[in-house]
Amino acid sequence: METWITAGYEPSLPVTEKSNPLTRDIDKADAKHIVHLLKNCDAEIFKKEWDAHGSYQTLSSESVIQKMVHLAKKVEEILKDPEESLIVMSGCGTSGRLAFLLATSFNGLLKELQHDQIYYYIIAGGDKALLTSQESTEDSPQRGAEMLRMACEGKKRVLFIGISCGLSAPFVAGQIDFCMHNMNVFTPVVIGFNPVKMARNEPICGWPLTFRRVLKRMEELQKSNEAFIINPVLGPEAISGSSRLKGGSATKIVLETIFLAGHEAFFSSKNITVQHILNWMEIYKDVHTVTYSQSDKIAFLVQQVGESLQQSGHVYYVGWSSLGVMGVIDASECIPTFGADIEDVRGFIWKGYDELKNNEGDLSSVGPAFRIGHVDFVNDILPHVSKSDIIIFLFALDDDLRDIETLANQTKLKTSNLHAVYHAYPECSFPIDLKKVFSSVLSVAWPAVPLVSEGYHIKQELSTKWILNAISTGGHILKGKIYCNYMLDLKVTNTKLFKRAVNILQKFTRCSYSESLKALLQAIYDVEELTGAMTDADVIEHTIAASTRTRVLPTALVILIRRCSISEAKSRLDAHPVIREAVEACLAASQD
Ligand code: F1P
């Protein structure tokens, strides 16, 4: 039995926030070992059972699969009557970005089949959050409900899918609650990866319910198939709480399987059965095997990216088709997870917003980080590329190879630190001249060019997600942004992240909750003495103040470990550019 399942293992934390025993020493691993550990963690997505008692549901549990069958039938019904119906997916951070990816790509598939589009997405913070973290809206149930109400005006039937990996986002809780007040129109669905009893139960500022209480009401409706909670347990994340990893991948797997099964039933009159859904799970498991069969090459890229980040260089993903979107999604998560600067890791999409098909259209005037087309890469980035920057092209051999070659040659004139991650098919050849432009190539081989009926690039997207997650997680580990398997420099920009930060402080310093809270607030407000106004402010105000600060968590950690002033903590951090080394040095000194 896995250690983390035992009752005494981090009992106050839900599974999605627990630390994974597999990756306890990932901070000290080399690139190859990091990839090996991530591979093993990702394999847990497909685990058939966690223990002999079946204490936790898994992705292949009968109860989970049955609900997926039900939902696929709902999708089929909506396809039959698209005019007054809608499938809305909504979430915060990565969950919202996946809602966007799925809605736009499945609408794209329907367009090719000349069928009305039925998918819609909502992301907390609006489309700006597709590219950068806008975590604070995550805390507003009212905003969530309002955005859903507006999106569904005039619709007679809505399948609403709220995604919150930790079953924690108030934004999503507000939407589910709204659905349950309008059951004549809505069928509410929640996707997350904790048992209901571990869903977040903290009071939500200005709202009478908690996420768990909303789910408890949903459980009643679930008995009559009026609502659905899909919450298999995937085991703790490789980096504690980093739900973009397994949580994000499993969200994609679950929803694509439901939608594709619904499409097959409608377009090809296929029966939706349990076996049908299980077959898809096997296909995704193969994607895991195929992807990680390239572990050595992934590790090579992890090493290169780590070296770039260590030298304060930048990482640029330049992608074609939906693989460009995978790059943007991966890049956007580095800010809250590793405290990265918005410029550290960036993604670029071939035709920019023309291809993105996002709700709010072109956002490039919002700021430089919102210029995401290849043209912007050429104009804004290429002229300033330095030796320490690394550029990774992401494409499949059925993309426009001439365009790829042109940009690759143009990039090569500026830097040789240019690499390719591509998907290969037997029907397509990779021109030797193009191959030569890259200093390394990582190729993932597939048996055939994917078809529209198979969801086109969905397998390649997941494969790319795993590769990029490994690259950015591994790169930041090598940069010293992780201690054991905890985020050392996370951005404290919403209530969930605030709580996670206090938990990390308590864990590593063994200080009380109130001492940890005090140090965190000192770091957030950048003061030696907290005023009454600061201590009395609510958590949301703290997170707003934290959003403008850097190194909040490391500073608080050093204050507690060294029992020192904030100015001393900051100068200790300044003395060690690598945050993990600074914290280790303080820990070692405190044990003398
Ligand atoms: C949503 C989310 C994560 C992000 C960060 C803050 O989480 O925005 O995507 O990585 O941890 O929260 P969830 O609602 O899907 O659990």
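The buried residues of helix H1 are Ala31, Ile34, Val35, Leu37, Leu38, Cys41 and Asp42, where buried means under 20% relative accessible area, exposed over 50% and partly exposed in between (1.4 Å probe, protein chains only). Because these residues cover an arc of only 160° around the axis, they fall on the same side of H1; the arc is that of the directions from the helix axis to the C-beta atoms. The model is a predicted one, in which local features need pLDDT of at least 70 and side-chain atom pairs count only at pLDDT 80 or more, whereas totals for chains, interfaces and linings use all residues. Residues are numbered from 1 along each chain as its sequence is written, and side-chain values use heavy atoms, with hydrogens and water left out.

Helices (H or I, at least four residues) and strands (E, at least two) are DSSP runs, numbered from the N terminus. The 13 residues of H1 (residues 31–43) should span 18 Å at 1.5 Å a residue, and the end C-alpha atoms are 18 Å apart, which agrees; the expected span is 1.5 Å times one less than the number of residues. The cover over the buried residues of H1 includes helix H8 (246–268), helix H9 (274–292), helix H10 (295–310) and helix H17 (458–478), with contact taken as heavy atoms within 4.5 Å.

Helix H8 has 23 residues and reaches 32 Å from its first C-alpha to its last, close to the 33 Å expected at 1.5 Å a residue. Of its 23 residues, 20 are buried, so that H8 is mostly covered. Ser269, which follows H8, has a positive phi near 50°.

Around the ligand there are 16 residues, of which Ser95, Ser164, Cys165, Gly166 and Lys496 come nearest; a residue is near a molecule or strand if one of its heavy atoms lies within 4 Å of it. A polar side-chain atom of Ser164 is placed 2.7 Å from an oxygen atom of the ligand. For Cys92, a backbone N or O atom lies 3.4 Å from a ligand oxygen atom, and for Gly93 a polar backbone atom is 3.5 Å from an oxygen atom of the ligand. The protein covers 97% of the 390 Å² of accessible area that the ligand has on its own, with areas from the Shrake-Rupley method (1.4 Å probe; for residues, only the protein chains shown count as cover). Helix H3 (94–112) and helix H18 (495–509) are the elements that give two or more residues to the shell. The largest share, three residues, comes from H18.

Thr94 is found in H3 and is buried, with a relative accessible area of 8%. Residues up to four places away in sequence aside, Thr94 touches Arg244 and Glu333.

Glu10 lies in the segment before H1. This residue counts as buried at 16% relative accessibility, and its phi is positive, about 40°, although it is not a glycine. Ser19 is also found in the segment before H1 and is buried, with a relative accessible area of 5%. The side chain of Ser19 makes a polar contact of 2.7 Å with the side chain of Glu10, and a polar contact of 3.5 Å joins the side chains of Ser19 and Tyr486. A polar contact is a pair of N or O atoms within 3.5 Å; within protein, one must be able to donate a hydrogen and the other to accept it, and residues adjacent in sequence count only if both atoms are side-chain atoms.
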